[in-house]
Structure formats: C-alpha cells, structure tokens
Amino acid sequence: MSKLTRRLFLAYGTAMAAVVAGELGKPRRGMADARVLNLYSSRHYDTDNQLYEGFTQKTGIKINLIEGDAAQLVERIKSEGANSPADVLITVDAGNLWRAQTEGLFQPVSSATLNSAIPANLRDPGGHWFGLSKRARVIMYNRGKVNPAQLSTYEALGTPAWKGKVLIRSSNNIYNQSLIAGMIETKGADTAQKWVQGLVANFARPPEGNDTAQIKAVAAGMGDVAIANSYYLARLASSNDPADQAVARNVGMFFPNQRDRGTHINISGAGVVRNAPNQAGAIAFLEYLVTPEAQKIFSFGNNEYPVVSGVPVSPALAQYGTFKSDPVNVATYGRLNSQAIQIMDRAGWK
Ligand code: FE
C-alpha cells in the first residue's frame, strides 16, 4: 500500500467508525487516539488556553475541550458510563472533586511527580484527584470605612459589631459550603452553626450576585466587608477597565485567622477519569500542570496561588502579601458538605 493510499484508507476508516458510532463531531472512544486528550473543564477562566497550548507544545497531544459547569460535567460522564471519552475532569473547589469521586468517576493515580509536587493536604489521599492551584477565601474591606486593625477572624464577622455590614453570595455556592465545612472540621458543628446564624444576622442585603459583585458592592459602600475569593480582587486590580481599577483601589484584602488556624484555602484540581481512553496522556497532562511553567500560568493568568513551592505569584496578587493557610485537608470540604448545607439552611442563609 502506497503512503497516500494508506493515509486515505486510515482517514476513511476513521470517518466510517465515527459515522457508525453516530458520534461525528463529538469526542470519541473506541479507536483511542494517543495524540488527543479529551478534557472536561468547568474552570471558567479564559487564560487556561495557555495551559493547553503549553501542554500541546511539549507533548504533541492536542486538547479537545468540553466545557460545562461541574454538576453538568459529572452528570455527562456518569451518563456516558464505560463509553465516556473523558480523559480528565478539571474543576474548581475540592467539594466538586469530592462529589465526582463519590460518583466513582475517577481512577486512582500513583505518580511520584504529583505526590512530591503537591502538598498532601491539597490532594485526595487515595490519588483520585489533585489540587493544581490555590485560592484563599478572604475578607475584602472598604478602605474608607474599615481600618484593617478592626479585622481578625471569620468568627468575628458573626458578632453584633458587624450588623448590616457583611456581603456574601448565596449558600448554594460551593465556595461558601466549603468555608463552612472547614469551620465544622476545626471548631465543631455547634460553633459553626452559631457563627453562621450570627453572620446571616449581619448581612447587608439578601445574597445576590457572584464574588465579584460582592467586591463591587463593598467598593460602593453597600456594606463594609465581603467574603470572597482572592483572585477576583487581583483580577479587578489588573484590569484595563478604569472602573475595575477604581473598585480595586477602594477595597483591601485581609487574611483572617492568622493568629490561629490560618485563612481558609481551596483548590482548583483534576483527576483522571475511570475509563480514560488516553490514560497515559491524562497522567502526562496532570504532571505538566505541576511544572513551574504551568504553575506560573495559573498564577499570572488567573491570579491563583501555585501549589508548587518556589513558583512566583503574579504581581497583582503578590501586592496583597503572604499569609498563613489553614492546613486542613481539602477533602474535608467534600466529606462535610451536606452538613454545611444543613447548617446554612437552618440559619436561613438564602
Ligand atoms: Fe471562581
């Protein structure tokens, strides 16, 4: 068979397999292609393209990106079952990764590269998923109204001194569920319940909008403080839009609980899907994501903190300083998620 004939034959065979499977234009199982990685992602950050391009340059493996929110992607992989073309699921919040794990979507991975690069509290002890970047859930304060010396802990925001002054998004957001789960783990359910009740009593308004909306509301003086993820303020500070820059100038970032357990952190992370057609490519992708090059993209692209020590932090984020992190294993956020939701519901957190 000549080279050309062979190429045509292969192309024809591939096309026919696609037609027979009724899967034309979708990621496909069966004839697993080691040069393609099917990545299911709920990370909602444009700069992730740099990560995919970096991986393709290094390995020649192309990323086929399937996007959706975390719950959608989990449902999709479940319904695809053993025939799922998914190689890697990447998402934000350890709570989401834990849910995917309990649905049996991940396979355990034993990689010396991943285990030595990623601190043990930022990955599943069984190797089902790995934290790839960190974010801190911090107190954002209005610089004109609050002296940072008045701030101390998450717990303090539940005391009457902050009545009518606290902004935070709704309880159905997993970032908040994980924050409460972390508090249940270190302080116990009773203390967490009392804190949440005090916090809800201090809300400046019924919860509405995302983390960025809370930061903008703080800047506009609708409340004195907000609880939100660190990268959202760094993003406003490094925006080209003068309105965003004005918001960032009015808002300070405070890292709570520095004198005790440390500030609540969460991760974005990923796992290799149970029936990954390209298992070797999937592991190579995770290992690429902990290289200094990729870790720098997480930080300089989306203002997250690297999980690998020694990697520089973006200037927009670095300006807010360094801090002590709560060392709890982030898998806790998944394990205590339903208890956290109950506590928030009981307190009437909308
Ligand atoms: Fe986010």
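Which residue forms a salt bridge with R205? Point 4 below names the partner.

1. **Ground rules.** This is a predicted model, in which local features need pLDDT of at least 70, side-chain atom pairs count only at pLDDT 80 or more, and totals for chains, interfaces and linings use all residues. Residues are numbered from 1 along each chain as its sequence is written, and side-chain values use heavy atoms, with hydrogens and water left out.

2. **The iron site.** Start with the metal. The iron ion has four protein donors: Y45 (OH), Y175 (OH), Y231 (OH) and Y232 (OH). A donor here is an N, O or S atom within 2.8 Å of the metal (3.2 Å for Na, K and Ca). Water is not among the atoms, so sites may look incomplete. Along the chain, the donors follow the spacing Y-x129-Y-x55-Y-Y. Y45 sits in the loop between β1 (36-41) and α2, while Y231 belongs to helix α9 (residues 230-237), so this pair ties together parts that are 186 residues apart in sequence. Helices (H or I, at least four residues) and strands (E, at least two) are DSSP runs, numbered from the N terminus.

3. The angles among the four donor atoms run from 79 to 135°, and the site is irregular. Four donors count as tetrahedral if all angles lie between 85 and 135 degrees. Four count as square planar, and six as octahedral, if opposite donors are over 155 degrees apart and all others between 65 and 115; anything else is irregular. For comparison, ideal angles at a metal are 109.5 degrees for four tetrahedral donors, and 90 or 180 degrees for six octahedral ones. Are Y45 and Y231 buried or exposed? Y45 has 5% relative accessibility and counts as buried. Y231 has 0% and is buried too. Buried means under 20% relative accessible area, exposed over 50%, and partly exposed in between (1.4 Å probe, protein chains only).

4. **Salt bridges.** A salt bridge is a side-chain nitrogen of Lys or Arg within 4 Å of a carboxyl oxygen of Asp or Glu. By this rule there are 17. Back to the opening question: R205 pairs with E208, with the closest N and O atoms 4.0 Å apart. R205 is buried at 16% relative accessibility, whereas E208 is partly exposed at 48%. Elsewhere, salt bridges that share partners join E155, K187, D260, R261 and D326 into one network.

5. **A bridge within one helix.** R76 forms a salt bridge with E80, at 3.1 Å between the closest N and O atoms. The two residues are four apart in helix α3 (residues 70-80), which puts about one helical turn between them. An α-helix has 3.6 residues a turn, so residues three or four places apart point the same way. R76 is partly exposed, with a relative accessible area of 31%.

6. K58 and E293 meet through their side chains in a salt bridge (3.2 Å, N to O). K58 is in helix α2 (residues 48-59) and E293 in helix α12 (residues 292-302), so the pair ties together parts that are 235 residues apart in sequence. K58 is exposed at 52% relative accessibility. E293 is partly exposed, at 37%.

7. **The rest of helix α12.** Which residues of α12 are buried? They are A294, Q295, I297, F298, S299 and N302. These buried residues pack against α2, β4, α9, α11 (279-289) and β9. Contact means heavy atoms within 4.5 Å. N303 follows α12, and its phi is positive, near 60°.

8. **Strand β4.** Of the 13 residues of strand β4 (residues 130-142), 12 are buried, so the strand is largely enclosed by the rest of the structure. Two strands pair if DSSP finds at least two bridges between them. Strand β8 (residues 265-272) runs antiparallel to β4, with six bridges; R135 has N266 as its bridge partner there. Strand β6 (residues 225-229) is also antiparallel, with five bridges to β4, and R137 partners N229. Four bridges join β4 to antiparallel strand β7 (residues 251-254), where Y141 stands opposite G252. Two bridges link β4 to antiparallel strand β9 (residues 305-306), with S133 opposite P306.

9. A280 is in helix α11. A280 is exposed, at 59% relative accessibility. The C-alpha atoms of A280 and D87 are 9.4 Å apart, although 193 residues separate the two along the chain.
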